[in-house]
Amino acid sequence: QVQFVESGGGLVQAGGSLRLSCVSSGSTFVINAMGWYRQTPGNQRELVARISVDGSPNYADSVKGRFTISRDNAKRAVYLQMNSLTPEDTGVYYCNKRFEPLPWGQGTQVTVSA
């Protein structure tokens, strides 16, 4: 079963930066568009950034200009560089396929203090 392992979260002050990493155990990683999702208490997971197989990124309006998604197919990894963080970015971040998500990993907690 394919697993996603997210890391890199933590506690940071507003205006700070974090870099999230996600490693996939799936051999088909290279042929799948991937996404970073964010979940906050009481809300559904939202897609904040996605990246196509060929590396083309796309962002939610709330993070555009501040977050950068990238991937390394050789490492089966996808990354999310988050700059100029605000308290509204607080949540648990997950990676998964962009389409037909697989079972979710444990995610990584990001907490931004004011």
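Modeller: Glycine 35 stands opposite asparagine 96, a residue of β9. The strands here are β4 and β9, which pair in the antiparallel sense over six bridges. Two strands count as paired if DSSP finds at least two bridges between them. Strands themselves are DSSP runs (E, at least two residues), numbered from the N terminus, while helices would be H or I runs of at least four.

A word on the model before going on. It is predicted, with local features needing pLDDT of at least 70 and side-chain atom pairs counting only at pLDDT 80 or more, while totals for chains, interfaces and linings use all residues. Residues are numbered from 1 along each chain as its sequence is written, and side-chain values use heavy atoms, with hydrogens and water left out.

Now stay with β9. This strand is mostly covered: seven of its seven residues are buried. Buried means under 20% relative accessible area, exposed means over 50%, and partly exposed lies in between (1.4 Å probe, protein chains only). β9 also pairs with β10, again antiparallel, this time over three bridges. In that pairing, glycine 91 faces valine 110 of β10.

Cysteine 22 sits in strand β3 and cysteine 95 in strand β9, so the bond links distant parts of the chain, 73 residues apart. Both ends are covered: cysteine 22 is buried at 1% relative accessibility, and cysteine 95 is buried at 0%.

Next, the charged groups. A salt bridge here is a side-chain nitrogen of Lys or Arg within 4 Å of a carboxyl oxygen of Asp or Glu. The structure holds four of them. Start with arginine 38. Its side chain meets that of glutamate 46 in a salt bridge (3.0 Å, N to O). Arginine 38 is buried at 5% relative accessibility. Glutamate 46 is partly exposed, at 35%.

Arginine 38 also forms a salt bridge with aspartate 89, where the closest N and O atoms are 3.1 Å apart. This pair joins distant parts of the chain: arginine 38 belongs to strand β4, aspartate 89 to the loop between β8 and β9, and 51 residues separate them. Aspartate 89 is buried, with a relative accessible area of 2%.

Aspartate 89 has another partner. Its side chain and that of arginine 66 meet in a salt bridge at 2.7 Å, N to O. Aspartate 89 lies in the loop between β8 and β9, and arginine 66 in the loop between β6 (57-59) and β7, so the pair ties together parts that are 23 residues apart in sequence. Both of these residues are buried. Through shared partners, the salt bridges join Arg38, Glu46, Arg66 and Asp89 into one network.

Then there is the nonpolar side. A nonpolar core is a set of buried Ala, Val, Leu, Ile, Met, Phe, Trp, Tyr and Cys residues joined through side-chain atoms within 4.5 Å. The largest such core has 23 residues, and Trp36, Ile69, Val78, Leu80, Met82 and Tyr93 touch the most other members. Elements giving two or more residues to this core include β4 (34-39), β9 (91-97), β10 (108-113) and β3 (18-24).

Take isoleucine 69 from that group. It stands opposite leucine 80 in β8. β7 and β8 run antiparallel and are joined by six bridges.

β7 and β8 belong to an open sheet of four strands, in the order β1-β3-β8-β7, with antiparallel pairing. β1 (4-7) and β7 are the edges; each has a single partner strand, so one side of each is left without a neighbour in the sheet.

Last, a contrast. Leucine 11 is in strand β2 (residues 10-13). At 67% relative accessibility, leucine 11 is exposed. Leucine 11 touches Thr111 and Ser113, not counting residues up to four places away in sequence. From leucine 80 it is 69 residues away in sequence and 16 Å away in space, C-alpha to C-alpha.

Terms used:
Contact = heavy atoms within 4.5 Å.
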